[in-house]
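User: I have a new model open and would like to go through it with you. Could we begin with how the parts meet?
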Amino acid sequence: MNDSTHLSELNQRVSAAKAEVEGRGETFYPGASRIHLASFPPRERWNDWVELDSKSWPDKVEKRYMLVPTTCFNCESACGLLAYVDRETLQVRKFEGNPEHPGSRGRNCGKGPATLNQITDPDRILYPLKRSGRRGEGKWEQISWDEALDAIAGRIRTAMQEERHEEVIYHVGRPGEDGYTERMLAAWGVDGHNSHTNVCSSGARSGYHWWMGMDRPSPDYSNAKVILLVSSHLETGHYFNPHAQRIIEGKKNGAKLIVFDTRLSNTATHADHWLSPYPGSEALIFLAIASWMIREGKYDREFVRRWWNWQEYMEVVNDKPGASFENFEEHLREIYSEFTFEYASTESGIDATTLLEVANVVSTAGTRFATHNWRSAGSGNLGGWQVARTLTLLNALLGALATEGGTFPNSWNKFTPRPPRLPHQHPKRWNEVTWPREYPLSLMEMSFLMPHLMKDQDAHLDVYFTRVYNPVWTNPDGFSWIEMLSDEERIGLHVAMTPTWNETAYFADYILPMGHASERHDLTSYEQYNGQWIAFRQPVLRAARERLDEKITDTRQVNPGEVWEENEFWIDLTWRIDPDGSLGIREFFESKKVPGEKMTIDEYYSWIFDNSVPGLPEASAAEGLTPLEYMRRYGAFEISNKVGRVHEQSVPDNELEDVRVDEMGRVFSRAPTPPSPKAPGGTKIDDDEDGRRRVGIRVDGEILKGWPTPTGKLEFWSRTLYDWGWPELAIPTYIKSHIHPENLEDDQIPLITTFRVPVQIHTRSANSKWLDEIAHTNPLWIHPTDADRIGISKTGDLVRVETELGYFVIKSWITEGIRPGVAACSHHMGRWKPEGHKGQRLGISTVALNQEGSEWSLTPRKGGEPFASSDPDTMRIWWTDLGVHQNLTHAVHPDPISGMHCWHQAVRICPAKEGDQAGDVSVDTGKSQAAYEKWLAMTRSADRYSPDGMRRPYWMLRPVRPEREAYRLPLETEPAKV
Amino acid sequence: MRNQGLDLYLTPDPLKESGQASVDLIRTLAVFAEAPASEHIHLWKTLGIEDSPSASDYADVFLFQLYPYASVHLGSEGMLGGEAQNRVAGFWGALGRNPPPEPDHLAALLGLYATLSEQIGLVGNSSGKPPRFSEAETLMIHRGRDALLQEHIAPWVPAYLERVIEIAAGPYRSWALLLDKVLRVELVRAGCPKQLPLHLRESSPLADPRTDGADAFISGLLAPVRAGIILARADLARLSSELDLGLRAGERRYALEHLLSQDSSRFLQSLATEADRQAAGHEHRRELLGITADFFLDQAQTTSKLLRQLSEGGAKITAETVS
């Protein structure tokens, strides 16, 4: 046979094999590939996927798996996972990425596969526990779910019957789901939603909210020309993986990356321009760039003219109704003229030439300018909310909002479907503990102030849920939290809902074990690109067994021990709170199909998938599946992949009926709100005086949808801030941080704490052995010049870091990766359990907790070490240093406007003293009250400043919005003069 | 981005030859240049190669001996990335495609070649249906495929495969023999290039240690486009064994430096013989590759000549000096 014939025959052989496989509807050439063949198991083979068993190597033993999708629960990105369920044992053997997930596209960070560690954690909580000693003593007894449910439900029922709804609070970390719990609280009529957002992202959110009426950015990195990040999202931040992969795509397509980070973070190492400013000066730099762009005319005049609320600003502030746009431009140049590169250079320590260079890059982006601020400067500084606001000023100047390659508002790139039996009622009573009147403009609940607010208001909670949240460890001033949680007069019943032991659960009355990513149902959607998708988290063993025709009616039937999921738990609890329906809340958890019966999880999600997700029923039908079966099979669905400029869309004619256009161009209509598949939410704009609802805004004669702000435009100037006592901050401007050099003593320097280590995720990941091995400590970053000055000779030397409340002792890391004159310590790590307590061993130090009056100390007794367990790997632990819990020494720093805890600390650093050991913490909670009062004095309370007798502007975002009447302040308050 | 080489093929009638390539076979052979996976086993069997390679076989051939990247063989640095990789990435871009993470990996290049060939096949099969591609697109696909072959595959893959056939055993030797046959068919179909590929036009000559220093000279010896030869770890091991010199464990450069410092004269002589041997391979490819093979033949012969001069002149070459 000659070569040509031979090759032809071989080609035919491969082609025939390919045709045979593809004839079965499958994909040929599976396996990882760089040549555009299938890179993931083809989805048609998920039901019976074969791989070689790694443990049998070098023998080639085939293993058969069922691949079941779910959604990661370790951060808020909601990346898709594929659980590899062994068909022989029906156990999960590993987690990989789900290629069908539009956000993560099959790519995961380390935290996703580490879900396997979490579900097999030998120390996880498997059964409901009830404390048997005094609270915090560490004695527990195992109880049944029925006992726990009846006890908790009984107390809540009584509170409701006695109209004490505000004594029930649900305190949540990252929710990892959309809408279920808020619906539940609305059904209960309880204004008890208490998020962690004010220790997380409220600062940045607030800045976005004032501009757009939506509180998060969704940059279109892949298509950007210039990307500007104020944080370390690329490698170490929130929304880590879906954003990171798109930033890299953008870079590959030629985008320039600008990173603002005082540390040389992993993100900064990828930057074309890395700026390491003095912390707190970021907003000023953006203002200097904006000022230069305005002076040089390097902005999109047409966009500014059409979409900024400049007319309102000129009329109210400058008393120039009917001013021309040219008048406004002249004024704009004037008001920003003080923000020069020289001024920014003085404050930031970055030379003016570099700032000009970066400004030039920004100005070339046009509408392809993708920007992001999440925590970082936005959550570190007094006035940090102005960072996102001034950053958005740049986008708004360039017209780079909701454009390809620009920055979208989150709500346009997110889809929360409408659930069945949507509650019609709103809580009647305002919760003063979570929404205190001193902070009327806070974006979210003032959750981290709870210990102080409870004391100030002499408040009592009857039932306090902490749900996958650990305020003792995560929040500042943790010893004050311990004091509050230990006081049964303040907290009647503390229920900790958690898959894992944590510092807060030690002070609970009940611990209820809830599932990890592969053990629970949730529905998620997050803004990650210019599109909308939903993803389904599900108990994978339930889905696997159902594929084998088993009937599963309760997730506990497949989860380890008696681990449950929250959704079924809430349904059951609600039925026990209102067994006969007399409280009017049970109806929202009743089956629609079989009235009088409990709604099942299958029915709940079936209804959503059948009715509220455009395109899903059709896509499912094309595969011969029901929508629920489709979501159980593939785990995610993309609703749209091009959203575009929603604000420029015309209002449909059927929404225009008896229209009135007011003097600001706002268009009101009597047409009813059209039905929407999306869950209601967002800002609430008042109707006009005749009851017409706002449907849009007239721009150049066209009626367009506009923005969900009071004016319908981008609010360069905020009438709300102006009216509620902050006229000087009503436009994007610069606020000097609490750690500005003017506010520091000579021997103090700023400490940055708001950054992650790449693979850890706060309180959720200490039980992941793989992640712990990679990252288990949090040394103090300090520049060599500072180390010299302080007398630290080498990396690893112990130092004492003194804060307002006390001090902590930590190992040093001398590095040029931090700006001189600034120190940094990641807020991760330093997990602990008190001596004598059972609980988790992996990644957790055992400590002695001592209290004398207001003086507290935490002294490590035992660090990391090998231990015997059902997992042989725990005998292989080689690391001993588990870091230090620095947050205990932080006083509360609530920003008077956004309500964000301003994390940066003013500290003194000195070499450790005799007797100090790594991980030592000492705090005087007596000082924390003084710090709280100092920051409280900066507020402008609704009591004195509310222009309309309300506690808060009604239009602003608010989870579980109470009735309008509940917004009204008690009558004795007097309006203040502004 | 510089000229991507497409200008070489602005001939008036590129559509004359429809060029039905063995698309599935090429794609399969491309997959084999990647780390072996269990899913590949049946593919090896389909091609009649019973023993599929292990991860260790793969590591030995592709990670330790012969790096399957155009940039290593066609870049003046002889290393991954750099301008050579940029040129390949630019070529992907010129075809309107996003370059993959490693655009110059052999698997990526063969995969692209298969895809373009497949599109040409579709052009040929569109009778009775509306044309799948416009005339301009069809022209682009044809020219693109030939440019890919002449610019980014032919200058290094045949010589590379010759070395795999010499050094590897078992399934990878069978793979190289088969891929070599497939490429010969494609190269015959495409004909010899009329202009020297851009990679070669942009390359630098081998540095002379007497004027440019030992460092540049040693780097150049490890850059095939400059030296005209591919020096694998196996070659260094063989030569050192023949001369009874000690081979230091480490990167090729490190090992080469130490071999030269032990006995420069004999080792230079031995390298010259190796250059002659590899020059003979280029000579055999002259009919197939035309000026491309001429280029490498000239490089190898020049290298041989320089090495002999140095040896005979008693040059003492160490890591940093030449005397």
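User: How many residues does the contact take from chain B and from chain A?
Analyst: The contact takes 24 residues from chain B and 22 residues from chain A; two residues are in contact if their C-beta atoms, placed from the backbone, lie within 7 Å. This is a predicted model, in which local features need pLDDT of at least 70, side-chain atom pairs count only at pLDDT 80 or more, and totals for chains, interfaces and linings use all residues. Residues are numbered from 1 along each chain as its sequence is written, while chains are lettered from A and ligands numbered from 1 in the order in which they are written.
User: Which helix gives the most to the side of chain B that touches chain A?
Analyst: H1(B) does, with six residues. Helices (H or I, at least four residues) and strands (E, at least two) are DSSP runs, numbered from the N terminus.
User: Turning to chain A, how many helices and strands are there?
Analyst: Chain A has 29 helices and 34 strands. Its C-alpha trace spans about 85 × 75 × 70 Å along the principal axes.
User: And what percentage of chain A counts as buried?
Analyst: Of its 978 residues, 57% count as buried, that is, with 20 or more other C-beta atoms, placed from the backbone, within 10 Å of their own.
User: Back to chain B: what domains does the assignment give?
Analyst: The assignment, automatic or from a database, gives domain 1 (4–199) and domain 2 (204–312). The centres of these two domains of chain B, taken over C-alpha atoms, are separated by 27 Å.

Definitions and conventions: Buried ≥ 20, exposed ≤ 12 C-beta atoms within 10 Å, placed from the backbone.
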